[in-house]
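Good morning, colleagues. Please look at the sequence and the structure on the screen while I speak.

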Amino acid sequence: MAAIPVSQSQPFSSKTHFRASKVHPPTLEFISFKNFSSDQWLLGGKCSVNRSRRRVEMSSKRVVVSATTAEKPKKRYPGEAKGFVEEMRFVAMKLHTKEQAKEGEKEVKKPEEQSVRKWEPTIEGYLRFLVDSKLVYDTLEKIVEKATCLSYAEFKNTGLERSGALAKDLEWFREQGYTIPEPSSPGISYARHLEDLSEKDPQAFLCHFYNVYFAHTAGGRMIGRKVAEEILDNKELEFYKWDGDLSQLLQAVREKLNKVAESWSREEKDHCLEETEKSFERSGEILRLIMS
């Protein structure tokens with residue numbers, strides 16, 4: 001085929017100018033911490049700044065792609081359709097052993113991961129467990145009461161609080177002639193960790209909040225019954241009693257957690273879920289005291 005002469009193609013206008021177009025790649029939008037208003041600071045406290053900083057860090061790690069790239073279908077996370085608490089529950093169940101839960105996948109490696117039926121508790125160990133547990137609940141409840149992060153205020157007076165009940169139980173042991181020990185390393189370390197997270201990492205803190213309170217209402221009650229049978233002549237401690245219908249109290253907290261998580265990005269939700277294993281490790285160290 002003969003080449004088309006220039007004269008037969010689109011004519012050149014004397015006013016037409018050819019310039020190399022400058023292509024600007026898509027840019028990442030970063031958050032300026034200078035743009036925070038005093039109202040935002042008061043509402044969110046330190047959590048607002050830390051949350052924004054983490055989003056910047058997460059954004060800086062993303063790969064910049066062409067703006068014309070087709071959007072991929074949204075990935076669905078296990079439990080996501082029922083709310084974020086169901087996502088947390090799903091991750092937590094996977095960290096149980098088969099002896100602890102039907103959904104468990106973890107191999108038994110530590111004494112506290114065995115079935116409760118195989119535990120051999122001691123009074124001395126149980127008292128250490130109660131004392132360290134009280135320190136953890138004291139810390140959680142003080143953080144929520146102080147509410148340096150606005151979302152924490154949602155969890156005041158949920159009915160799940162355990163500090164007061166534990167104080168009554170320890171007083172009962174004292175009346176029976178037992179010496180109440182001072183908090184030990186696992187409890188002290190966990191309390192400090194919670195305080196640290198509450199100031200700079202609200203998603204991680206609320207992961208611990210969820211796992212500590214919800215685990216006690218399930219596996220914690222099983223442990224309480226086992227200990228009562230073995231060493232307390234079946235006495236039920238206040239630690240395992242709640243005022244009101246427990247299922248309703250739990251549902252109310254689930255709804256609050258789901259509400260708070262609605263404002264989180266997917267990265268922040270994933271960060272919260274990733275903290276679950278650390279929560280289990282910390283709680284496991286305290287549980288192990290029962291058999292010491």
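N234 is exposed in this predicted model, with a relative accessible area of 55%. Because exposed here means over 50% relative accessible area, the value for N234 falls in that class. Its place in the chain is the loop between helix 8 and helix 9. The backbone at N234 also deserves a remark: phi is near 65 degrees, a positive value in a residue other than glycine.

N157 has a positive phi of about 50 degrees, and N157 is not a glycine. Where is N157 placed? N157 sits in the loop between helix 4 and helix 5. Is N157 buried or exposed? With a relative accessibility of 69%, N157 counts as exposed.

The largest nonpolar core comprises 57 residues. Those with the most contacts inside this core are Y126, F129, L130, L140, L160 and F173. Several helices give two or more residues to the core, namely helix 3 (84-94), helix 4 (123-146), helix 5 (163-175), helix 6 (185-200), helix 7 (202-217), helix 8 (219-231), helix 9 (246-261) and helix 10 (266-274). Which helix gives the most? That is helix 4, with eleven residues.

Which residues does F129 contact, leaving aside its neighbours within four places in sequence? With those neighbours set aside, F129 is in contact with F239 and Y240, and also with I286, L287, L289 and I290.

Technical notes
Residues are numbered from 1 along each chain as its sequence is written. This is a predicted model: local features need pLDDT of at least 70, side-chain atom pairs count only at pLDDT 80 or more; totals for chains, interfaces and linings use all residues. Side-chain values use heavy atoms; hydrogens and water are left out. A nonpolar core is a set of buried Ala, Val, Leu, Ile, Met, Phe, Trp, Tyr and Cys residues joined through side-chain atoms within 4.5 Å. Buried means under 20% relative accessible area, exposed over 50%, partly exposed in between (1.4 Å probe, protein chains only). Helices (H or I, at least four residues) and strands (E, at least two) are DSSP runs, numbered from the N terminus. Contact means heavy atoms within 4.5 Å.
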